[in-house]
Every structure is written in structure tokens, then in C-alpha cells.
Amino acid sequence: MTDEEASRVPDEGGPLPRQRRHTLFFLEAVRDFAPVFLDTEVDMSRVLAHRAAAAEREGVRYAVSAYVLRAAGRVLAAHPDANAAIQGGPRRPRVAHYPFVNGKLALDRTLEGRRVVLGTVVPDLQDAELSTVQKHIDRVRDGDPEELADFEGIRRLHRLPWAEGRRTFRKAAGSLALRPHLTGTFSVTSLGHRAVDSFHSVGGTTTTFGVGRILDRPVVRDGQVVIAPVLRLSLAFDHRAIDGAEAADVLTEVKEALESV
């Protein structure tokens, strides 16, 4: 066999990088979900104006995801069935309702040389100020994921043998008491930094918001067509916990909250 021929022979594969174990364990844990998908368009004129004013006045650049987290936190506080978690199959399901709203934000980070998704939970979003949300995001986004205490559980999981790590993850994910602190009571994931208009993702919570990019699009105001910055916002909801009508209320109210910043 020539060198050229050898270069075209596919390898037989190898073990999955251990830095991706938590993703596979997570995907296995959410198989019981019954996701349904909705989406809407949000006029982001007021968000962008607020963002620009804050950058000039305070020197702070608020992330779009911070606005979504804050808006969704307040909306879900008024929808306790959507701010809940369900566990178990169709025979004996159990539901937990939470007196607080914790939002999980998915982050694109590099851990031990491997690009992975890591989630951070922003607590008490039912009454958190935007500055508090942004400070949490900044701390986790700018910190070293190999040192931050937020990700110690993930790092520990990676060090365990596969089977033990899988059992540990399943046990934690199956606890309705632990779940809001590990995965939040709702999730936000954003791909708006790239050419992604809209997408849907199941974040392991009853509701998951997907944030795309903001583009100038034609909108109607007072009977006139104008150009405005528009965000496509999606919602994936677990149909076991809530129905479409309430999910539509949640998505609409988050849209209204963003448009009235």
C-alpha cells in the first residue's frame, strides 16, 4: 500500500474524548422529554438602544442573552406550571414546582483543549437586576473553566470511569430537588454570534429559549413598513408539563418584555 492509499483508509475509531461525556449523559437523560417547538420575531430596537446607552453611560456591554434571561425569569415567575420539572414515565409521573426561577445559559468554552458546551445557572431571576445577570455571565465567560468552582462537578464527572460517571449523572439529573440548581428551571441557548437566524434546542428544562442573530428586517409600525433590528426567538417546551396555549403565553410575554425594555 502506498502512502497515498494509506492516507485514505479510515481509522477504526477510538474512545470518545472524556470532555464530551457530560454532553452524552445529558442527551440520554432528556430522552423522556416530549418537546414541542414555537418561535416568534422580536423587535429589538429598544434593547439595542438600552444596550448602547448603558455602554456609553456605564461602560457595560450587556449581552443579548442577559436581556432574555431577565425577561424570561420574570415571565416564568407568573407561570408556575412552566417553571416546574416533571420526572418519571406515564404511569407515575411526579411534578415539582419551584418558588424561584433559575436560568441555565449554555456557553461555548474550551476545557482541557476541547471545545465543549458548559452550562451556568443564574439564580433568582424572578427579581434579579440586569446588571446582576451580566456580572454572572461575565464572571463565568471570562473565567478559566478549568478553575471555576461552577464547573467542578463537570470536571469531577470527567475523571470518573464511564459507567460510574453515567450513574452519577443519572442520579443527579433524576433528583427534582437538585435539578433547578444543576440545569435551572428554564434554559437559554444562543447561536446569534454566527449566521444562524433560528434554531430549537431541548435544554433539559420545561422551557428552553433559542436565541438567533439580530438582523435588519421590514416591520410594520403605525401602518408603515420600516426597517428594524429583529431577533427570531424560539421556545421548546416539554408537553408533559404544559400545553401549547400556556407555552404561547410565555413566549408572547417574553417577546413583549423585550420590546418594552
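The model is predicted. Its largest nonpolar core holds 45 residues, and a second, separate core holds six. A search of the whole structure also finds two cavities of 30 Å³ or more.

**Nonpolar cores**

- Within the largest core of 45 residues, the members that touch the most other members are L69, F186, F209, L233, V254 and L258.
- Helix α4, which runs over residues 64-77, supplies nine residues, the largest share of this core.
- Once neighbours within four places in sequence are set aside, L69 is in contact with G103, L105, V122, L125, V133, I137, F186 and V188.
- The second core is separate and consists of six residues, among them F26, F33, L157 and F169.

**Helix α9**

- Helix α9 covers residues 244-259, and its 16 residues reach 22 Å from the first C-alpha to the last, close to the 22 Å expected at 1.5 Å a residue.
- The buried residues of this helix are A247, V250, L251, V254 and L258; viewed down the axis of α9, they fall within an arc of 90 degrees, so they line one face of the helix.
- An α-helix has 3.6 residues a turn, so residues three or four places apart point the same way.
- The cover over the buried residues of α9 includes the helices α3 (45-58) and α4, together with the strands β1 (35-43), β7 (207-221) and β8 (224-238).
- Two of the buried residues of α9, V254 and L258, are also among the residues that touch the most other members of the largest core.

**Helix α5**

- The 13 residues of α5 should span 18 Å at 1.5 Å a residue, and the end C-alpha atoms of the helix are 18 Å apart, which agrees.
- The buried residues in α5 are L130, V133, Q134, H136, I137 and V140; they cover an arc of only 155 degrees around the axis, which puts them on the same side of α5.
- On the other side of α5, K135 and D142 are exposed.
- Among the elements that cover the buried residues of α5 are α3, α4, β4 and β5, and V133 and I137 are both in contact with L69.

- The largest cavity is lined by 14 residues, of which A84, A85, R179, T205 and T206 are the closest to its centre.
- The elements giving two or more residues to this lining are β2 (84-87) and α8 (179-182), and β2 gives the most, with three residues.

**Residues in strands**

- T189 lies in strand β6, residues 186-190, and is buried, because its relative accessible area of 15% is under the 20% limit.
- Leaving out neighbours within four places in sequence, T189 is in contact with A106, F199, S201, T208, F209, G210 and V211.
- D39 is found in strand β1, and although 170 residues separate D39 from F209 in sequence, their C-alpha atoms are 9.2 Å apart in space.
- Apart from neighbours within four places in sequence, the contacts of D39 are H200, L233, S234 and L251.

**Residues in loops**

- Most residues other than glycine have a negative phi.
- Q126 lies in the loop between β5 and α5 (130-142), where its relative accessibility of 24% makes it partly exposed.
- Although Q126 and R74 are 52 residues apart in sequence, the distance between them in space is 4.7 Å, C-alpha to C-alpha.
- Not counting residues up to four places away in sequence, Q126 touches G73, R74, A77, F100 and V101.

Note on methods
Residues numbered from 1 in each chain as written. Predicted model: local features only at pLDDT ≥ 70, side-chain atom pairs only at ≥ 80, totals over all residues. Heavy atoms only, no water. Core = buried A, V, L, I, M, F, W, Y, C linked by side-chain atoms within 4.5 Å. Buried < 20%, exposed > 50% of the residue type's maximum accessible area, 1.4 Å probe, protein only. Helix = DSSP H or I, 4+ residues; strand = E, 2+ residues; numbered from the N terminus. Contact = heavy atoms within 4.5 Å. Expected span 1.5 Å × (residues − 1). Arc of directions from axis to C-beta. 1 Å grid on protein atoms, 1.4 Å probe; cavity = no way out; pocket = protein on both sides within 12 Å on 5 of 7 lines; lining within 4 Å. Points joined across faces, edges and corners; volume = space filled by probe spheres on them.
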